[in-house]
Amino acid sequence: MKPIFLELRHLKTLVALKEAGSVSLAAQRVYLTQSALSHQIKQLEEQYGLTLFERKTQPLHFTAAGERLIKLAYDILPKIAEAELDIVRVKEGDAGELRIAVECHTCFDWLMPAMDAFRQHWPLVELDIVSGFHTDAIGLLLTHRSDLAIVSEIEETPGIVHKPLFAYEMVGLCSKDHPLANKNTWQAEDFIDETLITYPVPDDMLDLVRKVLSPKGIRPERRTSELTIAIIQLVASRRGVAALPYWAVLPYLERGYVVARKITRKGLFSQLYAAMRETDAERAFMQDFYHTVKAKSFASLPGLAPLEK
């Protein structure tokens with residue numbers, strides 16, 4: 001029997017397939033093209049002479065051999081991650097402070113699970129969110145009032161580095177009986193006679209306004225609310241329409257409170273980056289927090305896409 005070389009990348013790929021449920025989504029999780037991931041799995045199957053999962057099921061159905069390797073992955077990968085962190089702690093120490101500033105109202109829901117996981121890795125790192133919504137998150141970094149900022153645009157600033165987190169789609173929201181519910185895709189002109197409900201932030205921080213409406217000179221009536229659920233309630237009662245991240249509104253769509261529609265033929269996509277001071281970017285716990293946030297987001301938020309800087 002020829003030797004079989006099972007590598008960590010194979011285990012990570014199998015876990016991604018198990019959790020994502022499809023080859024295309026798993027490829028995004030491990031930052032491979034779909035063809036590269038398929039080739040990797042095919043090589044592994046050829047080595048074993050066994051099929052690891054059924055290709056035409058949704059979600060993927062794993063064979064007994066595939067399930068055994070996935071069990072191995074879940075046993076081994078956490079131990080490897082823990083050992084690597086222990087080594088880093090020995091080398092660099094394990095104490096510090098990490099204050100996070102955010103400039104998006106919908107960040108908190110997906111940040112909390114990542115923060116919980118990070119605390120288990122680095123119990124002596126003081127982790128905190130700088131209270132309030134911030135329109136100048138980079139300024140907080142420069143004045144050392146925060147250590148990491150979640151931002152939607154790269155603002156080239158000396159001493160600040162930006163690391164890509166993910167891209168996500170913004171969808172248009174309206175009530176189920178609104179006339180726009182009959183359109184699969186909304187264009188800029190569809191907002192002319194509508195009341196647009198947004199968070200109370202400057203227009204240059206609203207991608208719908210900045211990328212779609214302003215270029216066409218369209219300025220609909222406005223209404224604002226601090227809370228996502230309040231925006232959903234206003235939309236459901238036909239007080240206006242809104243544009244919010246798909247992953248943030250999916251629970252309300254599943255309950256039938258409102259309907260979501262694509263904005264422009266190509267879709268309206270936004271991005272998020274982690275910004276930090278250049279002098280801190282290579283600190284072990286800063287890097288671990290960044291990778292934890294990224295991994296937790298792709299594992300739990302629907303519809304994300306990899307983002308290159």
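Predicted model: local features only at pLDDT ≥ 70, side-chain atom pairs only at ≥ 80, totals over all residues.
Between E8 and E9 the chain passes through helix H7, residues 207–213, in a β-α-β crossover that is right-handed.

Helix H8, made of residues 228–236, has as its buried residues Thr-228, Ala-230, Ile-231, Ile-232, Leu-234 and Val-235. These buried residues pack against both E8 and E9, and also against strand E6 (160–174), strand E10 (242–245) and helix H9 (246–254). After H8 comes Arg-238, which has a positive phi, near 60°.

In soluble globular proteins, nonpolar side chains tend to be buried together. Here the largest nonpolar core has 69 residues, and those with the most contacts inside it are Leu-98, Ile-100, Trp-110, Leu-111, Ile-150, Phe-166 and Phe-289. When neighbours within four places in sequence are left aside, the contacts of Phe-166 include Trp-110, Trp-247, Leu-272, Phe-298 and Leu-301.

**Aromatic pairs and charges over rings**

Across the whole structure, a search finds 12 aromatic pairs. In one of them, the ring centres of Phe-118 and Phe-289 are 5.3 Å apart and the ring planes stand at 90°, so this pair is edge-to-face. Because Phe-118 belongs to helix H5 (residues 107–121) and Phe-289 to helix H10 (residues 284–300), the pair ties together parts that are 171 residues apart in sequence. Both Phe-118 and Phe-289 are buried.

Phe-166 and Tyr-168 also form an edge-to-face pair, with 6.1 Å from centre to centre and 65° between the planes, and both of these residues are buried. Phe-166 and Tyr-168 belong to one aromatic cluster together with Tyr-31, Trp-110, Trp-247 and Phe-298.

In two places, listed below, the charged end of a side chain sits over an aromatic ring.

| Charged residue | Ring | Distance from ring centre |
|---|---|---|
| Arg-55 | Phe-53 | 4.3 Å |
| Lys-163 | Tyr-290 | 5.4 Å |

Definitions and conventions
Residues numbered from 1 in each chain as written. Heavy atoms only, no water. Right-handed = clockwise from strand over helix to strand, strands pointing away. Helix = DSSP H or I, 4+ residues; strand = E, 2+ residues; numbered from the N terminus. Buried < 20%, exposed > 50% of the residue type's maximum accessible area, 1.4 Å probe, protein only. Contact = heavy atoms within 4.5 Å. Core = buried A, V, L, I, M, F, W, Y, C linked by side-chain atoms within 4.5 Å. Phe/Tyr/Trp six-rings, centres within 6.5 Å; stacked < 30°, edge-to-face > 60°. Lys NZ or Arg CZ within 6 Å of the ring centre and 35° of its normal.
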